[in-house]
Amino acid sequence: MRDVAIIGIGVTKFGELWDKSFRNLIAEAGAKAIIDSGISGNEIDALYIGSMSAGRFVGQEHVGALVADSSGFTHLHIPSTRVEAACASGGLAFRQAYMSVASATHDIVVVGGIEKMTDVVESEATNILAMGLDQEWESFFGVTFPGVYAMIATKHMHDYGTTREQLAQVAVKNHANGALNPNAQFKKAIPLENVIKAPIIASPLGMLDCSPLSDGAAAVVICAADLAKKYTQKPIKIIGSGQASDMFPVHGREKICTFQSTVHAAKKAYKQANIEPKDIDLAEVHDCFTIAEILAIEDLGFVKKGEGGKAIENKITTLDGSLPVNTSGGLKAKGHPIGATGISQIAEIVMQLRGQADKRQVKDAKIGLTHNVGASGATCVVHILEAM
Amino acid sequence: MTEAAVPRFWREIPQRYNLIGNQCEICNKVYFPPREACPYCRRKSMGKMKDIKFSGKGTVITYTIIHDAPENFEGQAPYPIAIIQLDEGPKLTAQIVDCKLEDVKIGMKVKSTFRKIQEDGYIGAIYYGYKFKPAGEEK
């Protein structure tokens with residue numbers, strides 16, 4: 001395995017982008033990343049694309065080749081591979097691209113993530129999202145995607161005394177960060193009362209505990225680390241990459257409030273990077289629902305199991321806290337175009353480690369972590385990045 | 001869910017109507033829904049997985065009240081749905097019925113009951129299966 005570095009990033013705006021198609025969005029993100037990296041398009045060896053359900057959201061499968069065409073690379077005849085793992089599709093595509101360069105199969109790879117979710121009506125989009133759950137033994141019986149996370153929240157509150165206010169504070173913090181991110185879907189801070197008084201979706205989770213439906217794309221350019229300085233003064237090295245799986249339905253797990261996929265993916269990534277959770281300066285974690293960010297900071301080892309709610313309340317994870325989490329606004333405020341999410345997390349950490357995060361810049365950020373979860377935790381992928 | 005052909009549902013009838021799971025004859029662990037092989041005994045368990053019927057008695061491990069329901073469940077909302085641990089060990093996800101919303105609690109004892117689960121629109125199939133109700137209340 002050789003070292004791999006990130007040399008370019010590109011992100012579209014996230015939101016309800018009715019005037020942009022699937023093809024427009026991924027081409028825009030890819031072009032931005034390639035221009036940012038300083039490479040020529042002719043140097044690209046391969047493309048990887050994370051997309052959860054192009055087939056259901058825009059009626060288009062076979063999107064690996066489609067993206068190569070939309071991006072203008074058909075004349076290169078390079079391999080283009082689409083990767084799917086529900087909401088972890090982007091993170092997994094990034095890991096596949098990373099392994100292809102680490103193994104010396106490729107030298108320079110562009111990896112993108114995309115979802116175009118508003119080309120179907122809202123009820124259909126919700127149905128498609130729920131397809132990440134167990135269709136035969138969860139969804140069939142009437143549990144929704146928010147419903148599964150709501151059951152985890154009920155249990156967390158019961159077992160550890162986590163409060164409704166602590167859950168709500170995750171949304172308040174992420175909206176405050178999103179207000180500083182020009183590409184975020186919601187660039188607006190919200191008060192705690194609004195989260196608590198929002199219509200209930202699945203108790204105890206209300207509308208503002210849930211990430212939105214979004215359109216958007218993100219892309220990054222990676223290359224062998226020894227080539228990186230040729231293109232950029234600020235390459236970011238991938239020092240850890242871990243992926244793991246868990247029992248498919250949440251009810252199949254021994255502990256309802258632990259994502260073993262996160263625990264194991266993180267363990268592998270920390271081991272490869274030869275660091276501990278306390279060495280992480282900032283993290284982008286998978287907050288598809290407020291409870292998910294609490295689980296994430298526990299399962300990643302930042303705080304003990306059960307103390308996630310308290311950590312949020314004590315403002316450890318705010319922009320000026322000791323471990324800023326979701327400086328981009330997270331899935332909650334930045335938006336959650338499923339396949340794009342994992343790649344946009346990488347892009348945010350790269351921006352932070354380069355010192356280009358403007359108003360949301362974390363001081364002296366050296367090592368950052370990304371955490372991308374598939375649906376209700378049956379897949380997790382963790383990456384650790386460091387400025388070279 | 002996508003528009004499904006009928007076999008997708010009738011092949012699950014034993015499990016969904018009668019809580020049929022299976023048991024590994026090597027290590028005696030029980031599974032619901034039934035598995036092709038025991039994850040612990042693996043190849044040794046192939047062909048040695050025996051069907052068993054669960055008692056239908058269980059305990060609520062956690063729950064939520066669904067307010068924003070999928071299309072096929074819209075008429076039922078708000079409804080409670082729970083992760084239930086069967087007395088024999090396996091856990092499953094199911095609706096709680098015959099009970100006030102505010103009476104659903106972690107730790108409550110429940111038993112299975114055969115009900116209509118969902119309707120596939122106005123002209124589609126009606127699907128049946130298990131829900132759970134408070135234990136000790138025969139109706």
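Trainee: How many bridges join strand S1 (residues 20-24) of chain B and S2(B)?
Mentor: Bear in mind that this is a predicted model. S1(B) and S2(B) run in the antiparallel sense, and Asn22(B) stands opposite Tyr31(B) in S2(B). The pairing of S1(B) with S2(B) extends over 2 bridges.

Trainee: Why is one side of S2(B) and of S3(B) left without a neighbour in the sheet?
Mentor: The sheet is open, with antiparallel pairing and the order S2-S1-S3 in chain B. Strand S2 (30-31) and strand S3 (49-53) of chain B therefore stand at the edges, and each has a single partner strand.

Trainee: Thanks! Which element gives the largest share of the side of chain B that touches chain A?
Mentor: Start with the contact itself, where 27 residues of chain B meet 28 residues of chain A. On the chain B side, strands S4 (57-66), S5 (79-86), S6 (91-95) and S7 (109-119) each give two or more residues. By class, that side has 16 nonpolar, 7 polar and 4 charged residues. The largest share, 6 residues, comes from S4(B).

Trainee: Over to chain A: how far apart do the C-alpha centres of domain 1 and domain 2 lie?
Mentor: The domain assignment gives domain 1 as 4-121 + 214-236 and domain 2 as 133-209 + 238-387. Between the C-alpha centres of these two domains of chain A the distance is 23 Å.

Trainee: And which element gives the most to the side of domain 1 of chain A that touches domain 2?
Mentor: The contact takes 37 residues from domain 1 of chain A and 35 residues from domain 2 of chain A. On the domain 1 side, strand S1 (4-11), helix H4 (89-102), strand S4 (108-116) and strand S7 (215-224) of chain A each supply at least two residues. That side divides into 22 nonpolar, 10 polar and 5 charged residues. The most, 7 residues, comes from H4(A).

Key:
Residues are numbered from 1 along each chain as its sequence is written. Chains are lettered from A and ligands numbered from 1 in the order in which they are written. This is a predicted model: local features need pLDDT of at least 70, side-chain atom pairs count only at pLDDT 80 or more; totals for chains, interfaces and linings use all residues. Two residues are in contact if their C-beta atoms, placed from the backbone, lie within 7 Å. Helices (H or I, at least four residues) and strands (E, at least two) are DSSP runs, numbered from the N terminus. Ala, Val, Leu, Ile, Met, Phe, Trp, Tyr, Cys and Pro count as nonpolar, Asp, Glu, Lys and Arg as charged, and the others, Gly among them, as polar. Two strands pair if DSSP finds at least two bridges between them. Domain bounds come from an automatic or database domain assignment.
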